[in-house]
Amino acid sequence: MLGRLFVFVFLLLAGCNRTGDLDVIKLGHGLDTSHPVHQAMVFMQQRLDSLSAGTLRIQIYPSQQLGTERQLLELLQLGSIGMTKVASAVLEGFADEYKVLSLPYLFRDEMHRHASLEGPAGRKILLSSEPYWLRGLAYYDAGSRSFYTTDQPIYSPSDLEGLKIRTLESATQVRMVNSLGGSATPIAWGEIYTSLQQGVVDGAENNPPSFYTSRHYEVSKYYSLDEHTGLPDVLLISTIIWDQLTPIQREWVQQSADESAEYQKILWKAATDEALEKVQEAGVQIIYPDKAPFAERVAHLYDEYLDMPEIYALIEEIRSTTTPCDSLSGCSPQEVADQ
């Protein structure tokens, strides 16, 4: 017990400097260096170096060099490292506001998702985890999540009935899959391939780049683009580190984070297009189902927040967020894709 206490105190003190003394922010994450998010982080690193004239730098440790996602969050809360990236669903356990982002069919389309996350509602969610020493800086695009299966295609919710579907460790995601008729089965990311291969689960759900880079397409030959959720990744900074920064340093960090998020959107679109092309070449059948039956089956999930006025107001704020394509003339599919 005393040993654990010593480690805790040592790590806490190691991460603390006097305000203005900090010159390096450690950023740890679990992604490969080829991933669009890592590449965006490198861009952020370069922008911060430029904005600060080299007086404040980011040091990036990819591929779980500093620990798993959960361990990195704990290190952030201690101030032992400065920044990390997690899926927004992971933050549901810290702040109820993040549960909103896991609700299915919350966003009308990609343009609405970006407008909502980059507006006041998205900002409220980013800052909602501050009481837990985790301050959101920006969202990284993670596209839309859809179902992929090993033995049978998914055209409608009825096709999910009786199937074991791997989900994130998110209560909202579990309820969504179960509401659609599937049997939600949370499994660690690194175990999905063998679970699909051995029949532990019948399918999973994720965005196209993750489906491709994980090689899950080798054992899942059906990809149904129902696009049920648009969960973003979240770039976090430890509030312990944030509080050490001077006002101008905070401006530099926030600006470099915002610019990297814009850059990452460009990278993500290219990665998505490539992923869909590659999995089709590998023999995967891409299905474009009618989304309306899926949305109808999970509409009741929103009612669970009626007795949480602040959270329901946040849902309504997102739903009412407008985009340039909400005019009577609307936008063509190509115009939406170009945003």
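Analyst: The largest pocket has a lining of 44 residues, and those nearest its centre are Leu31, Glu69, Lys85, Ala87 and Trp189. The model is predicted: local features need pLDDT of at least 70 and side-chain atom pairs pLDDT 80 or more, while totals for chains, interfaces and linings use all residues. Residues are numbered from 1 along each chain as its sequence is written, and side-chain values use heavy atoms, with hydrogens and water left out.

A pocket here is an open set of points on a 1 Å grid over the protein atoms alone, where a 1.4 Å probe fits, with protein on both sides within 12 Å along at least five of seven lines; lining residues have an atom within 4 Å of a point. The space in the largest pocket comes to about 1,400 Å³, taken as the space filled by probe spheres set on points joined across faces, edges and corners.

By class, 20 of the lining residues are nonpolar, 15 are polar and nine are charged. Nonpolar covers Ala, Val, Leu, Ile, Met, Phe, Trp, Tyr, Cys and Pro, charged covers Asp, Glu, Lys and Arg, and the others, Gly among them, are polar. Elements that each supply at least two lining residues include helix H3 (69-78) and helix H8 (208-213), along with S3 and H10. Helices (H or I, at least four residues) and strands (E, at least two) are DSSP runs numbered from the N terminus.

S3 (83-87) and H10 (247-281) are also among the elements that cover the buried residues of helix H2. Those buried residues are Pro36, Val37, His38, Ala40, Met41, Met44 and Leu48, where buried means under 20% relative accessible area, exposed over 50% and partly exposed in between (1.4 Å probe, protein chains only).

Strand S2 (57-61) is part of that cover as well, and Tyr61 lies in S2. Beyond its neighbours within four places in sequence, Tyr61 is in contact with Lys26, Leu27, Gly28, His29 and Leu66, contact meaning heavy atoms within 4.5 Å. The C-alpha atoms of Tyr61 and Gly28 are 4.7 Å apart, although 33 residues separate the two along the chain.

Two loops next to the lining helices hold residues other than glycine with positive phi. Ser63, in the loop between S2 and H3, has phi near 55° and is partly exposed at 41% relative accessible area. Arg215, in the loop between H8 and strand S9 (222-229), has phi near 65° and is partly exposed at 45%.
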